[in-house]
Amino acid sequence: GNAINEAYITINDRQTGNLINNTKSDSNGNYNIRLIEGNYTAKISKNGYVENYFEIQIDGQSDIKQNITLYKPDVALQNLVISKNLVEGQNISISAILLNTEGYDLNLITYELYVNNNLKGSRTTNLSGHSSKAINFNFIAESGEQTIKIKANIPEQEINTANNIIEKKVTIESFSNNILLDNIIIYNVPYFNTTNIVNKGDKFVISTSVRNLEFSPLYNVEAN
């Protein structure tokens, strides 16, 4: 791969964790650090790349050559699914697949839900290399045309940000409670004969049917 200049190298004592030395790579990607005998952990980092680590063991006076690779990360979103009951006031379910397309672990991946560019929810997760997970959101629908968008972000600079956003336009129907009560039937108790006359003190049962005159489903309909 290409040489990476200005990569920051820190050396810590493996047992105590104390910082021993640090340096930066030159324009050719080379670095040089002097260490005494001991066991160390080296961390290599640069903005826009995933940090990398390796162990160093120094026995006597010797030169050790260690080539390190730094990777640029990439996450992607796929398969946006929106629930079918798109009615004003209803709880809308949204799901998608979040992928880590590269072969190393990524931490603190943030994914967010926007409806008409208004933030509705934000969550954080971790993904191991070449893995994926289903992500989910819910929001209460408002009537009209809505642009539903999920966006993913990571702390590091990515190879490709074009696949970090997935969106879909939907139309939320206005809620209507246009219902019809008909077929009212009165039954005498205890004989359950139909009647049109009810006298004071009589016991009776009323039966009716409820019809939804709209195409949208209605929930929690009560009759009193």
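Student: Let's start with Glu6: buried, partly exposed or exposed?
Tutor: Glu6 counts as partly exposed, because its relative accessibility is 45%. Buried means under 20% relative accessible area, exposed over 50%, and partly exposed in between, using a 1.4 Å probe and protein chains only. Keep in mind that this is a predicted model, where local features need pLDDT of at least 70 and side-chain atom pairs count only at pLDDT 80 or more, while totals for chains, interfaces and linings use all residues. Residues are numbered from 1 along each chain as its sequence is written, and side-chain values use heavy atoms, with hydrogens and water left out.

Student: Which residue does Glu6 form a salt bridge with?
Tutor: Its partner is Lys24, and the closest N and O atoms are 3.8 Å apart. A salt bridge here is a side-chain nitrogen of Lys or Arg within 4 Å of a carboxyl oxygen of Asp or Glu.

Student: And what does that pair tie together?
Tutor: Glu6 lies in the segment before β1 and Lys24 in strand β2 (residues 19-24), so the pair ties together parts that are 18 residues apart in sequence. Strands are DSSP runs of E, at least two residues, numbered from the N terminus. Lys24 is partly exposed too, with a relative accessible area of 45%.

Student: How many salt bridges does the count come to?
Tutor: The count comes to 3. One of them joins Arg14 and Glu55, with the closest N and O atoms 2.8 Å apart. That pair links distant parts of the chain, 41 residues apart: Arg14 is in the loop between β1 and β2, and Glu55 is in strand β4. Lys43 and Glu51 also meet through their side chains, at 3.9 Å from N to O.

Student: Is Lys43 buried or exposed, or something in between?
Tutor: Lys43 counts as partly exposed, at 26% relative accessibility. Glu51 is partly exposed as well, at 41%.

Student: Switching topic: how much space lies in the largest pocket?
Tutor: About 980 Å³. Of the 33 residues lining that pocket, the closest to its centre are Tyr31, Asn32, Ile64, Lys65 and Gln66. A pocket is an open set of points on a 1 Å grid over the protein atoms alone, where a 1.4 Å probe fits, with protein on both sides within 12 Å along at least five of seven lines; lining residues have an atom within 4 Å of a point. Its volume is the space filled by probe spheres set on the points, which are joined across faces, edges and corners.

Student: Which element gives the largest share of the lining?
Tutor: That would be β4, with 3 residues.

Methods
Helices (H or I, at least four residues) and strands (E, at least two) are DSSP runs, numbered from the N terminus.
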